[in-house]
Amino acid sequence: MIDISPEQARTLAAIITHGSFDAAAAHLSVTPSAISQRIRALEAAIGRPVLTRARPAGLTQSGQAVVRFARQLELLSADLADELQPEDSRGRTRLTLVINSDSLHTWALAGLAAAGDSIQLEILREDQEHSLDLLRAGAAAAAITATAAPVPGCSSRKLGTMRYLPVCAPAFSHRWFESGVTAAALSKAPVLVYDRKDDLQDRWLRRFSRPPHHAPRHYVPAAQEFGDAIRWGMGWGMMPEIEIGEDLRIGTLEAFAPRAHVDVALYWQQWRRGSAALSEVAEAVQAAARVLL
């Protein structure tokens, strides 16, 4: 049996949080030498490195598991404090979540608001395809992700499906697609992309036998502004169906190929050894997903 002390685990988490051995020592009010001794003892206990020797220091796979353990200890300690001193609002549990921009913009806040009275939340924005990196590293307790398979130490539950439609402004459609939405037209029409991790537009374009890859691209990394850029005719792009119902009704936007949508399944992944606070947030998010997705 591997014996890891809470002190060693918290020390590793402090190094990652604060960026260096010296900064972790200052945070924990110990000497840098004590920090080094704890990490050496931790690596001896598990028989492998926990840190990559780089600047800033990174985590090995084993280090990620230890940091998750340290974060889970923090949650359990907060649960105990809430139980022992429920009247002390300063003891509210802090949770870090990773949520993709579209979910945050359209539906997820409805669930998080229900838990906001009793839990302090830090929300990190990350693409649903990449949010697990933060969960795996112990930087977040839960994530909304497009990956069904749980990362080590986590559970996974399907939330629902977001449907994306290719849309543009009517004037844009008249200018670029007057003769039809063809591969030739799409190779010239400007396209809106959220950021360089966003592949929704390319996934839709791959439906063509000869996908057009060379269209001009605009990158707009904010959900509201991304939609506004499409409404202003800056380009076409994939937008969540849940967001654009009114736009389609009044004609601000048009879906130029409504049957050729892209569906993205979303999953809630969280630490398997959670806490009362994490369970409360999970229930609130899942309730919102059942209604809105």
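Start by selecting Glu74 and Arg71: their side chains meet in a salt bridge, 3.7 Å from N to O. A salt bridge here is a side-chain nitrogen of Lys or Arg within 4 Å of a carboxyl oxygen of Asp or Glu. Both residues sit in helix α4 (residues 61–84), and because they are three residues apart there, about one helical turn separates them. Helices (H or I, at least four residues) and strands (E, at least two) are DSSP runs, numbered from the N terminus.

Glu74 is partly exposed, with a relative accessible area of 41%, whereas Arg71 counts as buried at 16%. Buried means under 20% relative accessible area, exposed over 50%, and partly exposed in between, with a 1.4 Å probe and protein chains only.

A word on what you have open: this is a predicted model, where local features need pLDDT of at least 70 and side-chain atom pairs count only at pLDDT 80 or more, while totals for chains, interfaces and linings use all residues. Residues are numbered from 1 along each chain as its sequence is written, and side-chain values use heavy atoms, leaving out hydrogens and water.

**Next stop: helix α1**

Select Glu7 and Arg38. Their side chains form a salt bridge too, at 3.2 Å from N to O. Which parts of the chain does this pair link? Glu7 is in helix α1 and Arg38 is in helix α3 (residues 32–46), 31 residues apart. Glu7 is partly exposed at 44%, but Arg38 is buried at 16%.

Stay in helix α1 (residues 6–18) and click on Thr11. Is Thr11 buried or exposed? It counts as buried, because its relative accessibility is 0%. Show its neighbours and you'll find that Thr11 touches Leu28, Ile35, Arg38 and Ile39, not counting residues up to four places away in sequence. Touching, or contact, means heavy atoms within 4.5 Å.

**On to a network**

Select Asp228, Arg231, Glu243 and Asp247, which are linked in a network of salt bridges. Zoom in on Glu243 and Arg231, whose side chains meet at 3.9 Å, N to O. Glu243 lies in the loop between β9 (237–240) and α11 (245–250), while Arg231 belongs to helix α10 (residues 223–231).

**Into the core**

Nonpolar side chains tend to be buried together in soluble globular proteins. To see this model's cores, look for buried Ala, Val, Leu, Ile, Met, Phe, Trp, Tyr and Cys residues joined through side-chain atoms within 4.5 Å. The largest such core has 51 residues, and Trp107, Ile144, Phe177, Trp204, Trp236, Trp268 and Val281 touch the most other members. Which helix gives the most to this core? Helix α12 (residues 276–292) does, with seven residues.

Centre the view on Trp268. Leaving aside residues up to four places away in sequence, Trp268 touches a list of residues including Leu97, Ile144, Arg157, Leu159, Val281 and Val285. Then select Ala14, Ala25, Leu51 and Val67, which are among the 17 residues of a second, separate core.

**Zoom out**

Finally, show everything: 12 helices and 11 strands. The C-alpha trace spans about 70 × 45 × 30 Å along its principal axes. Of the 293 residues, 45% are buried.
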